[in-house]
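Hello! Have a look at it first, then read on for what turned up in it.

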2 protein chains.
Amino acid sequence: MAQQLMRTAAVVGTGLIGTSIALALTGRGVDTYLLDRDPQAAATAAAIGAGTAGRPAAPVDLAVIAVPPRHTAAVLREAQLSSLARYFTDAASVKAGPQQEAAERSCDLTRYVGGHPMAGSERSGPLAARADLFHGRPWVLTPSAHSREEAVRTALELVHLCGARPLTMAHTEHDRAVALTSHAPHLVSSLLAARMLAGDESQLRVAGQGLRDATRIAGGDSALWTDILGSNAAAVADILSELALDLNVVLEALRDVGSADPQARRRASAEIGAALSRGAEGQARIPARAPTDRKAAGQLSGASAPA
Amino acid sequence: MAQQLMRTAAVVGTGLIGTSIALALTGRGVDTYLLDRDPQAAATAAAIGAGTAGRPAAPVDLAVIAVPPRHTAAVLREAQLSSLARYFTDAASVKAGPQQEAAERSCDLTRYVGGHPMAGSERSGPLAARADLFHGRPWVLTPSAHSREEAVRTALELVHLCGARPLTMAHTEHDRAVALTSHAPHLVSSLLAARMLAGDESQLRVAGQGLRDATRIAGGDSALWTDILGSNAAAVADILSELALDLNVVLEALRDVGSADPQARRRASAEIGAALSRGAEGQARIPARAPTDRKAAGQLSGASAPA
């Protein structure tokens with residue numbers, strides 16, 4: 001890519017994700033404006049060096065809508081009506097719903113490309129932001145048939161400037177993928193963590209790193225996740241229904257494993273073993289963390305917009 | 001504690017846990033003998049500096065039975081019949097079953113104290129062992145009414161020599177605690193990881209650190225975990241039954257969240273939010289990792305047997 005398309009940007013919604021994007025862009029020399037319905041949040045993001053709080057005087061090259069999925073289309077519409085930018089993308093964790101709502105709200109879909117950076121934290125808000133949050137991480141773009149080529153190229157440049165790895169997917173394909181790899185796991189982790197409310201303190205003293213890892217994501221922002229799960233409910237329900245079936249098989253096996261009938265006992269033990277083996281197999285399918293997190297960032301820092 | 005009770009030790013079962021204990025004891029100057037039904041495993045443990053492969057010429061001060069729960073009582077009985085040690089402990093992840101079986105097999109319960117070091121890894125075998133595996137970690141001891149005081153003090157010394165934090169519990173109390181904090185979470189993590197078998201590769205490309213953490217323990221040794229779960233089945237089933245109920249509530253809410261009826265939609269959204277909030281609350285109850293992991297080890301390394 002010969003020329004940098006993005007000299008100026010705006011981030012609407014200065015939470016963890018928006019502020020991290022702004023920190024990355026500012027760090028790469030992009031003039032970045034920070035907007036939030038809470039002026040204090042935008043001021044906080046500005047105070048930690050993420051950019052300039054407030055509206056730009058003229059339209060910027062790209063606006064990133066980084067608000068919860070439920071509000072994405074409305075905020076996009078408003079940003080387009082006020083000519084905030086030439087092109088628009090977002091950072092919402094679901095894509096089909098906001099795209100459909102953007103069409104219903106008569107957004108200019110030629111200037112919009114959906115996006116979802118696959119990084120986050122159980123912490124939230126601008127003070128949890130980090131310029132390197134997206135280094136080496138996948139960042140899904142979901143251009144529609146309406147999206148102009150230059151809109152796609154500008155969104156792609158955003159991904160590269162943040163040090164992330166771009167992936168292109170259709171909206172529904174994206175939503176099914178994150179239901180499987182992020183949304184259903186979040187809910188399972190929450191259900192598991194909620195069980196700890198039934199334990200007394202002496203029981204919890206024996207907790208180890210395994211439990212801490214398995215429940216880490218359950219510490220996330222409940223209101224944001226209610227929105228995310230509600231916006232991708234059918235795909236998440238499909239996965240959890242299957243999990244519920246497996247859980248019932250295992251529960252029955254746990255009850256039979258102490259049976260007086262040796263055959264029932266053996267069968268129960270085999271069921272438990274099979275569930276564990278499938279778990280180990282499934283776990284092995286998950287790609288390891290990209291080894292290039294820091295290195296990729298270093299390689300990028302000299303180039304203006306590698307493609 | 002004025003005097004070190006343990007100068008010599010034997011570890012029966014040189015897997016991850018047994019070899020890590022042996023490495024720690026050898027590092028603290030205890031003459032340690034390594035036994036395994038697979039002589040190659042004992043030789044491997046000896047080769048990495050965990051001690052001497054083979055039986056000691058005279059009874060040692062303490063024998064640690066580090067075999068799966070199902071075999072613990074039989075191996076203890078055999079070790080006692082062959083006068084392997086003055087005192088005996090074990091490292092099995094469940095305590096009530098092995099204790100009961102030890103009584104049934106006429107083990108000398110006065111010389112035995114149950115034990116469970118709360119550390120592990122998704123890796124297994126002697127080559128995964130580390131001398132510092134237990135640093136700062138809880139190590140539960142479950143002395144019975146029969147256990148002699150000196151047997152308890154010797155087991156306690158083992159815990160200190162390994163740099164762990166001793167906790168004393170009754171057998172059933174221990175088993176309920178680990179069902180909640182370790183066994184049920186393991187199975188939940190496995191069921192979640194098994195869902196990834198249904199995903200295609202392009203879906204798994206978007207997997208992030210949250211999924212990797214939530215499924216890490218699912219990578220453990222399936223045969224060992226079948227034994228552990230089978231040995232603590234009733235307590236694990238109690239917890240998973242509750243989780244199954246919560247899961248059904250959430251599943252229904254996910255189906256209702258797209259309902260045409262605004263009241264049903266609001267109620268569904270509130271149910272999802274409540275489940276997530278309970279998850280965050282439960283997660284907050286889990287004690288953070290002891291900050292003293294390395295420091296505790298350093299403090300211990302000069303003393304012979306701090307109490």
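**The sheet in chain A**

Let's begin with the strands: chain A has an open sheet of eight, ordered β3-β2-β1-β4-β5-β6-β7-β8, with mixed pairing. Please keep in mind that this is a predicted model.

Strand β7 (residues 138–142) of chain A pairs with β8(A) in the parallel sense, over four bridges. To find the place on screen, pick Leu141(A), which stands opposite Thr168(A) in β8(A).

Now move to strand β1 (residues 8–12) of chain A. Is this strand mostly covered or mostly open? Four of the five residues of β1(A) are buried, so by that count the strand is mostly covered. Strand β1(A) runs parallel to strand β2 (residues 31–35) of chain A, and five bridges join the two.

**How the two chains are related**

Next, show both chains together. Chain A is superposed on chain B by a rotation of 180 degrees, with 0.0 Å of shift along the axis and an RMSD of 0.0 Å. The two copies are therefore related as by a two-fold rotation axis. Which C-alpha of chain A is nearest the axis? That of Ala214(A), at 1.9 Å from it. Both copies use the same surface for their contact: 100% of the contact residues of chain A recur in chain B.

**A cavity lined by both chains**

Finally, a look inside. The count gives one cavity of 30 Å³ or more, and the volume of the largest cavity is about 40 Å³. Which residues line the largest cavity? From chain A they are Val188(A), Ser189(A), Leu192(A) and Ala214(A), and from chain B they are Val188(B), Ser189(B), Leu192(B) and Ala214(B). You will notice Ala214(A) here again, the residue whose C-alpha is the nearest of chain A to the axis. The elements giving two or more residues to this lining are α6 (171–195) of chain A and α6 (171–195) of chain B. Sorted by class, the lining has six nonpolar and two polar residues, and no charged ones.

Enjoy exploring, and write back with any questions!

Conventions: Residues numbered from 1 in each chain as written. Chains lettered and ligands numbered in written order. Predicted model: local features only at pLDDT ≥ 70, side-chain atom pairs only at ≥ 80, totals over all residues. Heavy atoms only, no water. Least-squares fit on C-alpha atoms with pLDDT ≥ 70 in both. Contact = heavy atoms within 4.5 Å. 1 Å grid on protein atoms, 1.4 Å probe; cavity = no way out; pocket = protein on both sides within 12 Å on 5 of 7 lines; lining within 4 Å. Points joined across faces, edges and corners; volume = space filled by probe spheres on them. Nonpolar A, V, L, I, M, F, W, Y, C, P; charged D, E, K, R; others polar. Pairing = 2+ DSSP bridges. Buried < 20%, exposed > 50% of the residue type's maximum accessible area, 1.4 Å probe, protein only.
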